[in-house]
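I have set them out as numbered points, to be read beside the coordinates.

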Amino acid sequence: LLHAAAGGVGLIASQWLNHLGATVIGTVGSPEKGELAAAHGVHHVVNYNSENFIERVQKITDGVGVPVVYDGVGKDTLMDSMKCLSPRGMLVSFGNASGAPDPVNLGDLSTYGSIFVTRPMLFHYTATRDDLEACANDLFDVISSGAVKIEINQTYPLSEVAQAHRDLEARKTTGSTVFIP
């Protein structure tokens, strides 16, 4: 399960996951974003404004749940994301687009099937030069192969960084955002 599947990370991750052979369930906030996500490798699009994503995930997986949830949304989705996991599943919390999530009660991890929760930071995965080069090589390999296409859907002058953040928080953007000096 990939939240914000039409966002910058979402479009890249959905293509990469699809390239690796994963079945991708992606949440979006509008039919237009759903079309964009589907065009970038999402197999099952869930519009969280018109559908309950927990129920939809359970239906798609025949009640089994998903092995992994990638959650860059945060407060609005994190607690319900745990309910979508299969036993011993992994919840990857990597962003707070809707705000910082509430604290997680460790007892909930066993309630939802002995699940795991992680909060990865890029700096921990690229701390050494060798790690940085390995990550960069993986990224550039999937881009140069054509498996992942980077879609820049909006640009902002650097002087409008505050507006860009407001647009991101209001979920008005899709794909990658670039600042122009």
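1. Leaving aside its neighbours within four places in sequence, with which residues is I180 in contact? In this predicted model, and with those sequence neighbours set aside, I180 touches T155, Y156, P157 and L158. I180 belongs to strand β7 and is partly exposed, its relative accessible area being 40%.

2. Is S176 buried or exposed? With a relative accessible area of 14%, S176 falls under the 20% cut-off and therefore counts as buried. Once neighbours within four places in sequence are left out, the contacts of S176 include G8 and I12, together with I150, E151, I152, N153 and Q154.

3. Which residues make the nonpolar surface patch of about 240 Å²? The patch is formed by L158, V161 and F179, and one of these, L158, is also among the contacts of I180. V161 sits in helix α8, which runs over residues 161–169, and this residue is partly exposed at a relative accessible area of 34%.

4. A4, although it is not a glycine, has a positive phi of about 55°; A4 is placed in the segment before α1 (8–19) and is partly exposed, with 35% relative accessibility. R171, likewise not a glycine, has a positive phi of about 60°; R171 is located in the loop between α8 and β7, and its relative accessible area of 31% makes this residue partly exposed.

5. A further point concerns the strand pairing in another part of the chain. Strand β1 (residues 25–28) pairs with strand β2 (residues 44–47) in the parallel sense, over four bridges, and within this pairing G26 stands opposite V45 of β2. Which elements make up the right-handed β-α-β unit? The unit consists of β1, helix α2 (residues 31–39) and β2.

Notes: Residues are numbered from 1 along each chain as its sequence is written. This is a predicted model: local features need pLDDT of at least 70, side-chain atom pairs count only at pLDDT 80 or more; totals for chains, interfaces and linings use all residues. Side-chain values use heavy atoms; hydrogens and water are left out. Two strands pair if DSSP finds at least two bridges between them. Helices (H or I, at least four residues) and strands (E, at least two) are DSSP runs, numbered from the N terminus. A crossover is right-handed if, with the strands pointing away from the viewer, the path from the first strand over the helix to the second runs clockwise. Buried means under 20% relative accessible area, exposed over 50%, partly exposed in between (1.4 Å probe, protein chains only). Contact means heavy atoms within 4.5 Å. Patches are made of residues with over 30% relative accessible area and no salt bridge: like charges are joined within 9 Å, nonpolar side chains (Val, Leu, Ile, Met, Phe, Trp, Tyr) within 5 Å. Accessible areas come from the Shrake-Rupley method with a 1.4 Å probe; for residues, only the protein chains shown count as cover. A salt bridge is a side-chain nitrogen of Lys or Arg within 4 Å of a carboxyl oxygen of Asp or Glu.
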